Amino acid sequence: WNVWRGNLVPQDLRPRFFSSRNRITQFAILLSLLFSGLFLDNLKTLIGSLSMLFAALFLTAAICRLASAFFIHLQLENPFGYRNFFDPPAEERRQHFPQILNREMLVVLFFLFVTQFAVQVSAPYFNPFMLEKIKLNYLEYTILLSSAIIARIMVYPFLARLTERRG
């Protein structure tokens with residue numbers, strides 16, 4: 001997916017293009033957060049079962065995610081035409097392996113691994129903590145989530161300029 005996107009967008013346009021793309025994506029996430037909240041709040045009195053409404057939202061999200069995964073699966077991951085790392089001949093794999101495992105790359109990969117591990121372990125506890133322990137109401141909770149999304153929308157142009165200057 002990443003290589004394919006990189007090949008589609010010329011290198012000199014990538015920072016601005018992906019900044020704009022990510023801003024649009026974050027705006028869509030913000031709208032879906034607000035729409036989902038209004039959807040749940042307005043329909044819970046009609047339906048009576050909040051669980052059914054959550055199930056409908058999750059089912060819709062799952063169908064969209066599966067469709068996305070299907071279309072991404074149709075794309076080749078690398079410019080050599082191999083479907084995965086083990087398809088190319090062993091000699092070709094050995095050629096690229098040292099580039100992947102240099103010391104700086106290992107430090108970055110370790111940092112990313114530890115960060116993602118911590119986020120994935122702690123994520124299920126965030127919502128209950130904010131709503132039950134800190135006692136945020138739904139408006140405050142929505143503002144908290146929205147502020148993180150809005151901050152990302154605002155910082156993407158700066159990151160694009162920084163990437164254009166520094167690479």
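Buried means under 20% relative accessible area, exposed over 50% and partly exposed in between (1.4 Å probe, protein chains only). The model is predicted: local features need pLDDT of at least 70, side-chain atom pairs count only at pLDDT 80 or more, and totals for chains, interfaces and linings use all residues. Residues are numbered from 1 along each chain as its sequence is written, and side-chain values use heavy atoms, without hydrogens and water.

**View 1. The pair F17 and F18.** Rings of Phe, Tyr and Trp (its six-membered ring) pair if their centres lie within 6.5 Å; planes under 30 degrees apart count as stacked, over 60 as edge-to-face and the rest as tilted. By this rule there are five aromatic pairs. In one of them, F17 and F18 have ring centres 5.0 Å apart and planes at 80°, so the pair is edge-to-face. F18 is buried, at 17% relative accessible area, whereas F17 is partly exposed, at 40%.

**View 2. The pair F113 and F117.** Here the ring centres are 6.2 Å apart and the planes lie at 25°, so F113 and F117 are stacked. Both residues belong to helix α5, four residues apart, about one turn of the helix; helices are DSSP runs (H or I, at least four residues), numbered from the N terminus. F113 and F117 are both exposed.

**View 3. Residues lining the largest pocket.** A pocket is an open set of points on a 1 Å grid over the protein atoms alone, where a 1.4 Å probe fits, with protein on both sides within 12 Å along at least five of seven lines; lining residues have an atom within 4 Å of a point. Helix α2 gives the most to this lining, with twelve residues.

Technical notes: Helix = DSSP H or I, 4+ residues; strand = E, 2+ residues; numbered from the N terminus.
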